[in-house]
Amino acid sequence: MVAKITTATLIGLEAYKIDVEVDVLNSLPQVSIIGLGDTAISEAKERLRLAIKNSSFDFPQTKVVINLAPADLKKEGTSYDLAMAVGILAKQDIVKDIPSDTAFLGELSLDGSIRPISGILPIVCALGELGIKKVILPYKNLKEASFVEGVESLGAKNLCELVHYLNNEGELHKLVQKVDDFLLLEDNFEVDFKHVKGQKNAKYALEVAAAGAHNVLMCGVPGSGKTMLSKAFVSILPPLEKSEAIELTKIYSACGLLDYDKPLISKRPFRSPHHSASAAGIIGGGAKVRPGEITLAHRGVLFLDEMVEFPRQVLEVLRQPLEDGVVTISRAAGSLKFPANFILLAAMNPCPCGFLGDPKKHCTCSDYQIKRYRSRLSGPLLDRIDLQIEVARLSEDELLNIKEDAEDSKTVRQRVVRARSIQLERYKKEGILTNSELNAKLVKKYCKTDEASENMLRFAISKFDLSARAYERILKISRTIADLDESENITSSHIARALQFRGITPV
């Protein structure tokens, strides 16, 4: 009788159930693994042989055939080792019983110990949805898997320990943890808002951005505080919701970026790639398709310092993810979708020398140089950036003094959290979390304006030639400003403040 063991594979961020079928033939000793596996799976033959032997069990002296079903799905990695070993042991009656609702995940070492693998959290979550009640996995992955509700996760350190458990001769390690216990808000940040001198308007713009998850572009002379403001921005972001923490941890787990001792992403990510990054590094891709920086920044911040120094083709690939919140990587073998709902925070100088419009230093750039420099940001890309603000040079008084009564990040964050709470309650039936996620239908429903506001918008559309997208984004910003004011309705003052944040246009 064929031994059937359940395991799973991860393709992108999606997990698929795999059946490992093991049988033996009366033939020369040999191990044959079929089912469209990669090199790592092919090399499992020797790992299986020595792991079983060094665990004091006999390896079959016949031909062993292992099939990974479904056979038309490409399999990669080493997570199938444990399931294949259990199947071989079952065929020899070393393992007496294998429950049908149990899955096995893990890589084997030559000494029989079980090594941790990447992608445990998304795999266990998917197996739970498919009716699997119990998952046996590497001991080092146990903390990560313990956050999944409805699935019993058991950690095994080696093959002997697992065999004793399956034969009711011992127990495996168990652990149950709650996500809420790890989502504690930290006040210890590298840069606090009270450390940033001046820039009252920029600080308020970042507060609006944090409250509604809006994109921001800051333009100003060198040394005006753009980078410091960006670093302080993370200190006013609200704590992660439970669903967001699980979603983020799945991404980092699939990428192999989790710490086994601290396996839950409990803070919003802040990704700051260098301007030499490739389009594949930013958007995702490669020979083995992996998420890019925009997916690693999901529910957090993607900071592009000196934005115009990035190649134009790299910046243009951001257009679709900024609009849709997801990125689709298409290849000949198929396409993969990755979440990319992030806050784009970017900084730039107004010209190559950096001093265009500065009252203290004269700009040395020609009109052609300025035009060429600013043209790296296309109109369609700028149209997708909600808040576009000028960061002016600090005055002598601002540079020499830091006011003791300047607001700290904790105070600002409290207002941001209140605004986010209003949005969570408002959109609880819509499947979104923030104002920036509103589509055209929801904008019409939740961003209603009075007559004075409509007149102001009509004038702005005529005066500044606003596109339909820019019009909608102004309404979303106005909705966020109203939420910060704890106002149920959008007023003309909210519209006016939102219009002030659309100041940068391509030359």
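Predicted model: local features only at pLDDT ≥ 70, side-chain atom pairs only at ≥ 80, totals over all residues.
Residues are numbered from 1 along each chain as its sequence is written, and side-chain values use heavy atoms, without hydrogens and water.

**Entry: Ser 253**

I found Ser 253 in helix H9, residues 242–254 (helices, H or I, have at least four residues and strands, E, at least two; both are DSSP runs numbered from the N terminus). Its side chain makes a polar contact with the side chain of Glu 144 at 2.4 Å (a pair of N or O atoms within 3.5 Å, one able to donate a hydrogen and the other to accept it; residues adjacent in sequence count only if both atoms are side-chain atoms). Leaving out residues up to four places away in sequence, I saw that Ser 253 touches Glu 144 and Leu 258, among others (contact means heavy atoms within 4.5 Å).

**Entry: H4 and H9**

Next I checked how helix H4 (residues 120–129) packs on H9: the angle is about 120 degrees and the axes are 7 Å apart (axes are lines fitted to C-alpha atoms over the stretch in contact, and angles run from 0 to 180 degrees between N-to-C directions). H4 and H9 are therefore oblique to each other (under 35 degrees is roughly parallel, over 145 roughly antiparallel, 65 to 115 roughly perpendicular, the rest oblique). Ile 120, Leu 121, Pro 122 and Cys 125 of H4 meet Ile 246, Thr 249, Lys 250 and Ser 253 of H9.

**Entry: H19 and H21**

I then turned to helix H19 (residues 451–464) and helix H21 (residues 492–499), which pack at about 25 degrees with axes 8 Å apart. That makes H19 roughly parallel to H21. Among the residues in this contact are Met 456 of H19 and Ile 495 of H21.

**Entry: Gly 77**

I located Gly 77 in the loop between strand E4 (63–69) and helix H3 (81–91). Gly 77 counts as partly exposed, at 23% relative accessibility. Beyond residues up to four places away in sequence, Gly 77 touches Asp 38, Ala 40 and Ile 41. I also noted 30 Å between the C-alpha atoms of Gly 77 and Phe 182, which sit 105 residues apart along the chain.

How values were computed:
Buried < 20%, exposed > 50% of the residue type's maximum accessible area, 1.4 Å probe, protein only.
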